Amino acid sequence: MPDLESSIYQTLFERNPDPVFSLDADGFFLSANKAAVVLSGYSLEELQKRNFKDLCAPEEVERALQSFTECLNGESSGLQMTAISASGKRLHLNISCMPVIEGSKVSSVYAIAKDETATYAQQQERDLISRIIRICSSDDELPVCLSSILEELSCYLEADIAEAWIAGIDFKEVNHAAHYSATGNYFADEHRTIGANTGLIGAAHRTGKVIAMSGLQKSHQYFRQNFARENSLDSGTAVPLIFKGNVIAVLAFYVTTGRTVNCIDRLTDELLAHLASHLQRKKTAHELMLYFNITPEMLCIAGFDGYYKKVNPAF
């Protein structure tokens, strides 16, 4: 019977589709099944040289340690936390931990993890889309809305600086419309209009594809080298927003370290489609209001009650 129980336990451990692992009393990995090895990106031998705290996101170490301590005290515990894989990917896990008791002492901790990274990312995206819709539905002017959108996207992508470039009427060039800096420092350069075949922004505008570039301060392909140096930028990613077949805007995200902005993975087709649609609506309203204010013709907006709601300066 003990051999049978051991065989059943081993089968459930090894063939479990969810990551399963065990830790010794000091928090070092004792064992891990194939799912845990694949998800973590470490081999079993590499895991056995590491403490569980090595895989925790820095902000999660204290909570994870508290849950581990509860298990050492003989109590089962669970927590939702963020771990870091061998490749640096953030993993959102729901972990159930149970003490393994031998005699009267807890000898180790047994844990099962549910990978909820995809679900977490989908919820983040839905929340982001909702915030963008609220921004575009506000009465704020287009540049203010763009700055707010850039702030939201910069936090989402962990970018240091972001810019919004709006396509001209003939779609042959893009014009600088807004920017955002996580630090509050932004050194503008002389380039406020960029042609459709020029540099990082122009390439994204011309091709309609996401373009990434590194080594901005020295790259001959990036003609805004002074802008990169003044802002200490290392790499950038330009993302075109496409509405009904036309690139209506290009959003550029920059970082000041050796990493790259995770645009391609996190900016899904659904998110970009929402961005383009709501931005086009806001852009159209902005252009109509500009025309309303500068035309020499007398224009007014009247309500169904017959009263004027708004008149232009020429009225």
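A salt bridge here is a side-chain nitrogen of Lys or Arg within 4 Å of a carboxyl oxygen of Asp or Glu. This is a predicted model, where local features need pLDDT of at least 70 and side-chain atom pairs count only at pLDDT 80 or more, while totals for chains, interfaces and linings use all residues. Residues are numbered from 1 along each chain as its sequence is written, and side-chain values use heavy atoms, with hydrogens and water left out.

**View 1. Glu152 and Arg131 pair up across two helices.** The closest N and O atoms of this salt bridge sit 2.7 Å apart. Glu152 belongs to helix α6 and Arg131 to helix α5, so the bridge links distant parts of the chain, 21 residues apart (helices are DSSP runs of H or I, at least four residues, and strands are runs of E, at least two, numbered from the N terminus). Glu152 is partly exposed at 22% relative accessible area, and Arg131 is partly exposed too, at 27% (buried is under 20%, exposed over 50%, partly exposed in between, with a 1.4 Å probe and protein chains only).

**View 2. Helices α5 and α6 lie side by side.** Helix α5 covers residues 117-136 and helix α6 residues 142-157; they pack at about 170 degrees, with axes 9 Å apart. That makes α5 roughly antiparallel to α6 (angles over 145 degrees count that way; axes are lines fitted to C-alpha atoms over the stretch in contact, and angles run from 0 to 180 degrees between N-to-C directions). On the α5 side, the residues in contact include Leu128, Ile132 and Ile135, and on the α6 side they include Ile149, Leu153 and Tyr156 (contact means heavy atoms within 4.5 Å). By class, the α5 and α6 contact has 9 nonpolar, 2 polar and 3 charged residues (Ala, Val, Leu, Ile, Met, Phe, Trp, Tyr, Cys and Pro count as nonpolar, Asp, Glu, Lys and Arg as charged, the others, Gly among them, as polar).

**View 3. Lys114 reaches Asp18.** Their closest N and O atoms are 2.8 Å apart, making a salt bridge. Lys114 is in strand β5 (residues 105-115), and Asp18 is in the loop between α1 (2-14) and β1 (20-24), 96 residues apart. Lys114 is partly exposed at 45%, whereas Asp18 counts as buried at 17%.

**View 4. Arg63 bridges to Glu60.** Here the closest N and O atoms are 2.9 Å apart. Arg63 is partly exposed, at 38%, but Glu60 is buried, at 10%. The count for the model comes to 6 salt bridges.

Notes. Angles under 35 degrees count as roughly parallel, over 145 as roughly antiparallel, 65 to 115 as roughly perpendicular and the rest as oblique.
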